[in-house]
Amino acid sequence: MLLAEALFMAAASLARRRPERRYRAEPLGACDGEDEESGLLGYPMVLVQIPMYNEREVYKLSIAAACGLSWPSDRVIVQVLDDSTDPTVKDLVELECKLWAKKGKNVKYEVRNNRKGYKAGALKEGMLHAYVQQCDFLAVFDADFQPEADFLIRTIPYLVRNPQIALVQARWEFVNPNECLMTRIQKMTLDYHFKVEQEAGSSTFAFFGFNGTAGVWRISAIKEAGGWDDRTTVEDMDLAVRAGLKGWKFVYVGDVKEVSFWRKLYLLYSFFFVRKVVAHVVPFMLYCVVIPLSVLIPEVTIPAWGVVYIPTTITLLYAIRNPSSIHFIPFWILYENVMSFHRTKATFIGLLEFGSVNEWVVTEKLGNSSKTEPVPQILERPRCRFWGRWTMSEVLFAVFLFTCATYNLVHGPDLYFIYIYLQAITFLIVGTGFCGPSNS
């Protein structure tokens, strides 16, 4: 299944079709007889939502980028949804909003007295304010996202000129992809998501999900689909599924989607079963469980096609749209195997609805350390001993892999120990926090 899926998506992404060839996307006011200053075909009212949570390092960048969008100031509302629990950060964000308001920007600073529903709850409550009723479209940007100034100029025309379209999803990138080996590996994963998964899904009229940021929604489509739902922490995919099943179309780099029986079948098989279950469970079980255990049981042999040929083919298909990073593939494979451990765990937590299924953990954003001026630490952070950063499940799994590799080195006839040692070291590095920022 994984090989067939990889072949299909690689072929579809390479043969992608550009959306402007199928849908009207002329700049606003560019068509004969249109008046830029009147009606929807001029400059429609746009709401920009920026959900935040203790974003000390990036709040200035995101607010400045949203306020710098090339759009008439009286036709856009920037809504900063601040769920911060750090009072100092809240004061800084509010002050930044007031500074931009003094510059003539329509900035609304909104807070809640609780964090119910996390990001989805903030987005949902933000839509309840009276001034939102005058808006036709909604742009969502995460706190660590910095849109280009012409973002709305390039995306809104699809929505204005094609009333059947609900969402225009744009590509986004890291600001520091070359900072270290970890960011390079993460860039490879992100490139595959956009250049293969989303382009393939779009160009074949299949399902692709909203990424949670860098997208512009038609507000009427959100309302028809039932609005933001805080029952889940994957509110972006949840809303996309509900809107898609209502028959709304989505535009991405390749094309759009419509709802049909075959599309629903593809949604269930490819998007959910293969990509969200099989793609996580199979690599983890094969590379981190079956192969290590096989060295302990001499009677068990794994055929070469299952260990080498098919995995190598799938890996090359993953890398086909990102040739500049092909020399990082060995590191990427080891890192992805560690991530498959957590994705497998998350898959079963979600399917079985364990206690932490809707727990929301926000990753600290540091921005681009080489270009961004550090924000003074007004509040001293508590010191953290090195073992406080350890993830014991990863450390224990590293011990298991070290044991298997050592046994294979001493007693085994093959060379599996080379791979298993490297995978054990990767689990240990991630599990002890050596690939993250220092908390000291």
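Colleague: Where is Asn 54 found?

Modeller: Asn 54 sits in the loop between strand 1 (46-52) and helix 2 (59-67). Keep in mind that this is a predicted model.

Colleague: And what is its phi like?

Modeller: Asn 54 has a positive phi, about 50°, although it is not a glycine.

Colleague: How does Asn 54 count for accessibility?

Modeller: Asn 54 counts as partly exposed because its relative accessibility is 26%.

Colleague: OK, what about the phi of Tyr 118?

Modeller: Positive too: Tyr 118 is at about 55°, and it is not a glycine. Tyr 118 belongs to helix 4, which covers residues 118-126. With a relative accessible area of 24%, Tyr 118 is partly exposed.

Colleague: Switching topic: is Glu 96 buried or exposed?

Modeller: Glu 96 is buried, yet it has no salt bridge. You'll find Glu 96 in helix 3 (residues 87-102).

Colleague: Which side chain of opposite charge is nearest to Glu 96?

Modeller: That's Lys 60, 4.7 Å away. A salt bridge would need the charged atoms within 4 Å.

Colleague: What does Glu 96 touch?

Modeller: Leaving out residues up to four places away in sequence, Glu 96 touches Tyr 59, Lys 60 and Ile 63.

Colleague: Last one. Which residues make the nonpolar surface patch?

Modeller: Leu 293, Leu 296, Ile 297, Val 300 and Tyr 407 make a patch of about 370 Å². Of these, Leu 293 lies in helix 9 (residues 261-294), and Leu 293 counts as partly exposed at 36% relative accessibility.

Key
Residues numbered from 1 in each chain as written. Predicted model: local features only at pLDDT ≥ 70, side-chain atom pairs only at ≥ 80, totals over all residues. Heavy atoms only, no water. Patch = residues over 30% accessible without salt bridge, like charges linked within 9 Å, V, L, I, M, F, W, Y side chains within 5 Å. Areas by Shrake-Rupley, 256 points an atom, 1.4 Å probe, with all protein chains shown as cover. Helix = DSSP H or I, 4+ residues; strand = E, 2+ residues; numbered from the N terminus. Buried < 20%, exposed > 50% of the residue type's maximum accessible area, 1.4 Å probe, protein only. Lys, Arg positive; Asp, Glu negative; His and termini not counted. Contact = heavy atoms within 4.5 Å.
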